[in-house]
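Please look at the sequence and the model below, and then read on.

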Amino acid sequence: MQRSFIAKNPSVLIFFACLALFTLAVTVLSEGFGVGLASTSFVKTLGKTLCLCLIAVAMDLIWGFTGILSLGHFAFFGLGGYMIGMWLMYERTRLIVVESLSQTEIPPTPSEVVDAIGNQIFGVVGSSEFPMIWAFADSLVLQLALVVLVPGLLALVFGWLAFRSRVTGVYLSILTQAMTLALALYLFQNDSGLRGNNGLSGLQNLPGVTASQDFVSVWFLWASAGALGLGYALAAWAVSGKFGSVVRGIRDNEARVRFLGYSVETYKLVIFVLTACLAAIAGALYYPQAGIINPAEMAPIASVYLAVWVAIGGRGRLYGAVIGAAFVSLLSTWFTGGQAPDIPLGFYTIKWVDWWLVLLGLSFVAVTLFAPKGMGGLIDLWTRRKSPNRHGLDLGPDEGALREQEASK
Amino acid sequence: MKRLYLLGLAALLCCVMAAAQASDIQPILQEHKQIIAKSARKTIAPAIDAIAKSGSPQAQTVLETWAAKAMWMRKSDGVFFAGEKAEDKQYRLFDFDSGEVAGTYPKADLKQIKPNSGIRAMIGTALVQFQLIDPDAARRQAALTSIQRDPEVRFLAPLRASIEGEPDVKLLAQKRRLERLLTISFDKNTEARVNAIEEMSGDLGVDLRATLNPLVATTRDVALGEVPSGLNIADILAPGTEFFSRTDAYDLLVIKSLAQPKVTANDIRNALAANIDGGRVAGIPVARLDNDTARHRAYDILAKAGQAPARVTTDDVDAALASHVFFESYYEPSPDVTTAANASLTAIGLRVGLNQTLDLALDALSLTSIYFLAAIGLAITFGVMGVINMAHGEFIMMGAYTGYVVQRIIPDHTLSIIVAIPLAFVVTFTAGVAMERLVIRWLYARPLETLLATFGISIALQQLAKNIFGTQARPLTAPEWLNGAFTMNDVVSISYIRIAIFILALIFLGVFLFIMKRTRLGLETRAVTQNSRMAASMGINPGRVNMLTFGLGSGIAGVAGVAIGLFAKVTSELGSDYIVQSFMTVVVGGVGNIWGTLAGAAMIGFLQKGIEWLNPSNTLAAQTYMIVFIIIFIQFRPRGIIALKGRAAGD
């Protein structure tokens with residue numbers, strides 16, 4: 001008999017409950033809607049963290065469940081941000097331009113308005129023409145569709161090329177890293193049409209919205225929480241049925257799954273494109289809260305940090321990715337923001353702004369070596385959940401993780 | 001200084017005193033007394049010319065004295081002297097022709113001739129003819145350099161005259177070359193110019209191209225009906241081509257006042273704005289002027305009423321373009337010269353192109369050796385152990401910082417480099433072995449996690465370097481003998497540092513091949529690469545081999561760091577700048593084979609330079625296209641250029 005999706009995945013309900021509680025608590029504490037204990041910038045940080053959790057879920061799908069260590073998902077994240085940023089910037093500039101042109105004696109023609117917007121946006125890179133890629137920037141609906149379509153298409157083409165030629169393992173990781181580097185370098189050029197290294201800015205101002213940032217930040221927090229919830233449910237659904245079994249089979253032994261008659265490449269491609277779209281949606285929600293996007297956001301290092309979050313949180317379990325992303329990125333904000341107290345050693349004072357990355361790097365090595373399950377392993381301890389005793393010993397989530405031979409040493 | 005100079009001058013005067021009889025200079029000076037005393041830039045030319053052409057042996061001295069503001073006029077009789085300051089505001093005067101002291105006078109009795117900077121420049125030009133035959137070679141060289149910098153027609157004759165007596169071979173060659181160049185530019189005889197052009201054809205010097213290019217400079221012009229005769233026409237232009245659009249043609253007509261300027265959208269708007277009358281323009285409400293059709297209608301009404309110039313229609317443009325002929329003409333009037341110059345420039349262009357290709361190839365070769373050096377260590381660890389070491393870039397950085405620290409302790413640059421290279425090897429070898437023992441050996445079965453663990457080490461090391469050495473770039477100075485460049489001609493040159501890096505890469509290739517093919521360690525390494533278990537059962541300790549291999553790879557990275565630090569700035573990000581290219585090199589080249597790494601480095605190096613050549617203004621785009629190319633390349637050879645075959649290739 002078929003059990004319901006919820007019954008098979010009790011963690012989804014628990015996750016929803018936690019997420020709802022969190023959102024409610026932040027709303028109550030916020031300056032816009034509640035008692036004002038949480039500052040607007042802190043609410044924004046929390047909203048951004050939720051977006052990072054969403055891309056971490058995507059990363060967990062592709063890495064923890066499918067065994068593909070993609071070091072390029074921040075490229076999709078950034079592309080999603082650029083797509084929504086184009087509309088935000090165009091529309092806001094249009095409102096300003098129409099306002100200022102209405103002061104002139106003769107009412108402006110539509111082409112004059114567009115020219116003036118072009119001048120405003122691209123003056124900083126010494127141009128005034130709209131490049132081709134801005135063709136749909138005036139339409140919110142189309143641009144929202146592009147948020148998913150552009151990264152999805154890029155993932156489709158790249159994934160098809162890579163999986164077709166059976167590039168796997170570290171080769172694939174390096175190729176994805178090369179992809180994000182190529183994209184970042186391309187966008188750094190002034191004639192790429194996206195304002196080069198200036199990036200798109202002023203994205204926090206929603207066109208036509210007069211409410212203060214106190215309220216807008218909470219709206220975005222709700223939207224991010226909603227997206228995370230939906231994304232989590234989608235991911236849980238994707239990995240729970242037969243599709244999930246095949247995908248995990250690919251992770252554990254790709255050749256065997258192929259010999260069983262499954263089209264491994266198709267499964268991989270579906271997962272790759274799906275996670276790219278999830279990452280893009282996360283990016284589209286993240287950058288309006290951050291206010292600015294530039295190509296440096298897509299640097300390969302960002303995607304590696306993403307892998308770090310997921311690894312520390314615990315691969316192969318969706319809540320692990322969320323915990324890892326939230327924990328590490330918030331901790332990182334706390335340390336690098338200068339809020340962590342310095343430690344005087346007498347001869348030297350440890351300033352966390354300087355030493356945080358050293359600590360992160362080393363603890364990351366430690367997690368890889370001693371706790372391949374990550375922080376999610378703690379939850380196993382708490383719930384006293386034991387791995388099935390099939391071959392005697394606990395095995396890690398993928399081929400790259402602990403193997404039986406090692407474990408039995 | 002001035003005093004010394006004048007003393008020397010006096011001595012010189014004494015020497016030539018005996019020769020001073022027939023052509024005295026003083027009469028000439030007296031002849032131009034008024035204009036010399038007045039010293040105005042506009043009128044002084046005849047005086048300078050007269051002195052320079054006098055043939056008097058004192059002419060040079062007089063001009064030099066004059067330019068040095070040391071010429072004085074005695075107010076009583078207007079005679080000119082070289083003056084020198086004596087005691088109590090007194091001045092001692094020397095006669096130009098005899099060189100003898102003419103007496104000491106108070107300043108009130110004298111007038112100092114003070115040439116302004118314009119006049120001094122004119123005197124300088126006049127002096128060139130003397131300097132060209134000066135006994136001092138350095139001054140002849142200086143004169144030649146000044147002519148090269150600012151060639152003018154009047155230098156031609158003195159230059160030709162000076163060639164005959166030139167004793168110095170190098171200067172003679174320079175003078176001959178300069179004479180040819182001046183002939184091309186300034187000779188009155190067309191045949192002589194054409195001959196000179198043909199003689200010099202094929203020369204790669206930048207100066208020749210700088211001489212020829214103005215000869216073939218053209219200007220665009222337009223005439224009604226037919227092409228005017230008497231012009232040296234380069235080309236007849238038909239409007240509507242890629243290089244000469246119809247807009248260009250009409251704009252040219254407007255510039256030459258042969259046609260009405262077009263009325264732009266802006267003009268229309270301004271005209272409309274200027275003619276608003278009670279909320280209406282030409283009867284049309286202002287609010288309805290928000291599109292081009294309405295604006296044009298309103299403007300046409302204004303134009304009919306004579307309140308604005310009429311719009312230029314397409315028919316007007318057609319008619320104007322049809323009735324005129326457009327052409328490009330040379331500034332240079334002689335067709336023979338322009339033809340010869342064009343032919344010569346084509347020939348030069350071909351040779352320059354060939355040489356540029358050579359130069360580009362040298363650049364690419366040096367880039368190849370840099371990538372090879374950076375990637376070879378990575379190739380070893382990846383090839384032999386299947387371990388991706390993300391901290392490889394940080395080992396390169398460690399090597400560069402080692403070089404920097406050594407240079408702080410040992411100030412002699414040559415010695416410090418000699419010490420730094422083995423020391424960098426030792427430091428990074430130790431770091432590599434430590435890392436292998438502490439981290440990597442626990443992760444051999446988990447390649448993806450090695451990648452991440454080494455990445456953790458990489459960020460820790462990078463931040464550590466930042467904490468220790470700061471974020472600013474540290475210098476690692478190359479020894480003196482590596483400065484400068486090996487120059488073949490004006491096009492091809494390569495700096496010695498790049499040659500040194502090329503040689504270093506060759507040495508490393510040799511050392512690596514030796515270790516792999518001729519030593520026990522190499523044998524064991526190859527055995528472990530092919531089949532680790534089998535090797536273990538033959539008595540080889542794979543753990544030890546892996547440790548040493550990893551150490552070797554890291555050590556080489558350290559030495560590469562010293563080499564890279566010599567031409568790049570040493571920062572904590574030095575390694576990460578090269579890490580992606582190193583990965584590309586290894587992936588493209590193929591794993592587990594040193595020749596594959598070499599091929600990969602060569603491919604990436606040449607590709608990058610090639611793309612940069614196609615699009616020189618944009619290195620970012622070059623890198624983008626290169627990465628895209630590599631992604632596509634991997635489609636066709638997923639295991640790299642040189643792939644291992646058989647069991648060693650793994651799955």
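## Two packed helices in chain B

Helix 5 (residues 59-67) of chain B packs against helix 6 (residues 117-131) of chain B at an angle of about 155 degrees, and their axes lie 10 Å apart. Helices (H or I, at least four residues) and strands (E, at least two) are DSSP runs numbered from the N terminus, while axes are lines fitted to C-alpha atoms, for helices over the stretch in contact, and angles run from 0 to 180 degrees between N-to-C directions. Helix 5 of chain B and helix 6 of chain B are therefore roughly antiparallel to each other, a term for angles over 145 degrees.

The contact, in which two residues count if their C-beta atoms, placed from the backbone, lie within 7 Å, involves B:Gln60, B:Leu63, B:Glu64, B:Trp66 and B:Ala67 of helix 5 of chain B, together with B:Arg120, B:Ile123, B:Gly124, B:Ala126, B:Leu127 and B:Phe130 of helix 6 of chain B. These residues divide into 7 nonpolar, 2 polar and 2 charged, where Ala, Val, Leu, Ile, Met, Phe, Trp, Tyr, Cys and Pro count as nonpolar, Asp, Glu, Lys and Arg as charged, and the others, Gly among them, as polar.

## Basis of the model

This is a predicted model, in which local features need pLDDT of at least 70 and side-chain atom pairs count only at pLDDT 80 or more, whereas totals for chains, interfaces and linings use all residues. Residues are numbered from 1 along each chain as its sequence is written, and chains are lettered from A and ligands numbered from 1 in the order in which they are written.

## A sheet in chain B

Chain B also holds an open sheet of 5 strands in the order 4-3-2-1-5, with antiparallel pairing; two strands pair if DSSP finds at least two bridges between them. Strand 4 (101-106) and strand 5 (110-112) of chain B stand at the edges with a single partner strand each, so one side of each has no neighbour in the sheet. From one strand to the next, the twist averages 40 degrees.

Strand 1 (residues 71-74) of chain B runs antiparallel to strand 5 of chain B and is joined to it by 3 bridges. B:Trp72 has B:Gln112 in strand 5 of chain B as its bridge partner.

## Annotated transmembrane regions

An unreviewed UniProt entry places "transmembrane region" features in chain A, including residues 266-286 and 292-311. Residues 266-286 of chain A are 100% helix, and residues 292-311 of chain A are 60% helix and 10% strand.

Notes
UniProt positions are given in the numbering used here, feature names are shortened, and annotations may be inferred rather than shown by experiment. Angles under 35 degrees count as roughly parallel, over 145 as roughly antiparallel, 65 to 115 as roughly perpendicular and the rest as oblique.
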